[in-house]
Amino acid sequence: TPTFQTNVAGVYTFRLTVLDETGEASCVPAELSVYVVPDQALHVELLWSTPGDPDESDEVGADLDLHFVDPLAAPPGYFDIPFDCFWANKQPNWGSIDATAGDDPGLDLDDTDGRGPENLNFDRPEEGKRYCLAAHVWDDRNFGPSHATVRIYQHGNLTFERTDVALAKHDLWEVACIAWPGAIVEDLAAGGTEKITHDFMNADFLQP
């Protein structure tokens, strides 16, 4: 009874090879492909690779963070509690005081040691709001730049993807904003140039 956790949307292919008592494999392995689709109104993924890290599968790696900001946040909004959903405020209460109403975002995965993913899910974004999201390099762990990918899914459909954006230690990459309703994604890259602020730090958080 093997189990497998699917943390990233996409196609997963599972194969099974059966051996007989002599160790001889069956002629054709059994194969099953599973298409994993997020079912929330909004699903955001942050993944990254770090070329300078010789083993991205161990417990020491670059730490990148996903930030998702409510328009009520004080500019620039990032690290503003309670209006930034990030590792220090994973389950904010932005809408109804009823925690089961589904009108709050949630950072469901927070990876601190390399590759990701970090996942944010939002069942019922509020009408008339414009949410913005960013990726921030909290600590490169001396492995050098990382290459980040952000994907936005709306009702299971991939509506935005940016891949292989190079980020150094403490860089803040402001990726996109999402207007609701209508789910209009505003790409924040100007003329093809990503909106990156170097050495972005907040005085309320002691960064390495």
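## Overall layout

From the N terminus on, the chain runs β-β-β-β-β-β-β-β-β-β-β-β-β. That comes to 0 helices and 13 strands, where helices (H or I, at least four residues) and strands (E, at least two) are DSSP runs numbered from the N terminus. This is a predicted model, so to speak of local features takes a pLDDT of at least 70 and side-chain atom pairs count only at pLDDT 80 or more, while totals for chains, interfaces and linings use all residues. Residues are numbered from 1 along each chain as its sequence is written, and side-chain values use heavy atoms, with hydrogens and water left out.

The C-alpha trace spans about 70 × 40 × 35 Å along its principal axes. Of the 208 residues, 46% count as buried; here buried means under 20% relative accessible area, exposed over 50%, and partly exposed in between (1.4 Å probe, protein chains only). Take the contacts (heavy atoms within 4.5 Å) between residues at least 6 apart in sequence: 61% of them join residues at least 24 apart.

## Two nonpolar cores

A nonpolar core here is a set of buried Ala, Val, Leu, Ile, Met, Phe, Trp, Tyr and Cys residues joined through side-chain atoms within 4.5 Å. The largest one has 30 residues, and L46, L64, F68, L133, I152 and W173 touch the most other members. Two or more residues each come from β3 (42-49), β4 (63-69), β7 (118-122), β8 (129-139), β9 (146-154), β10 (157-167) and β11 (172-180). β11 gives the most, with 5 residues.

Leaving aside residues up to four places away in sequence, L46 touches L64, D65, L66, G116, P117, E118, A135, A148, T149 and V150. There's also a second, separate core of 13 residues, which includes V69, F86, L188 and F205.

β7 is mostly covered, with 5 of its 5 residues buried. Both faces are involved: E118, L120 and F122 sit on one side, N119 and N121 on the other, and all are buried.

Strands count as paired if DSSP finds at least two bridges between them. β3 and β7 pair in the antiparallel sense over 5 bridges, and E45 has N119 in β7 as its bridge partner. β6 pairs with β7 too, again antiparallel, over 4 bridges, with G106 opposite N121.

## The β11–β12 hairpin

β11 is joined to β12 (residues 184-187) by 4 bridges, and the two run antiparallel. A179 has I184 in β12 as its bridge partner. The two strands form a hairpin with 3 residues between them, and G182 in the turn has a positive phi of about 100°.

## The largest pocket

Rolling a probe the size of a water molecule over the atoms shows where empty space is left. On a 1 Å grid over the protein atoms alone, a pocket is an open set of points where a 1.4 Å probe fits, with protein on both sides within 12 Å along at least five of seven lines; lining residues have an atom within 4 Å of a point.

The largest pocket is lined by 16 residues, with V69, P76, Y78, R130 and C132 nearest its centre. β8 and β11 are the elements that give two or more residues to this lining, and β8 gives the most, with 3 residues.

## A loop residue

N93 is found in the loop between β5 (84-85) and β6 (105-109). N93 is partly exposed, with a relative accessible area of 43%. N93 and H170 are 77 residues apart in sequence and 27 Å apart in space, C-alpha to C-alpha.
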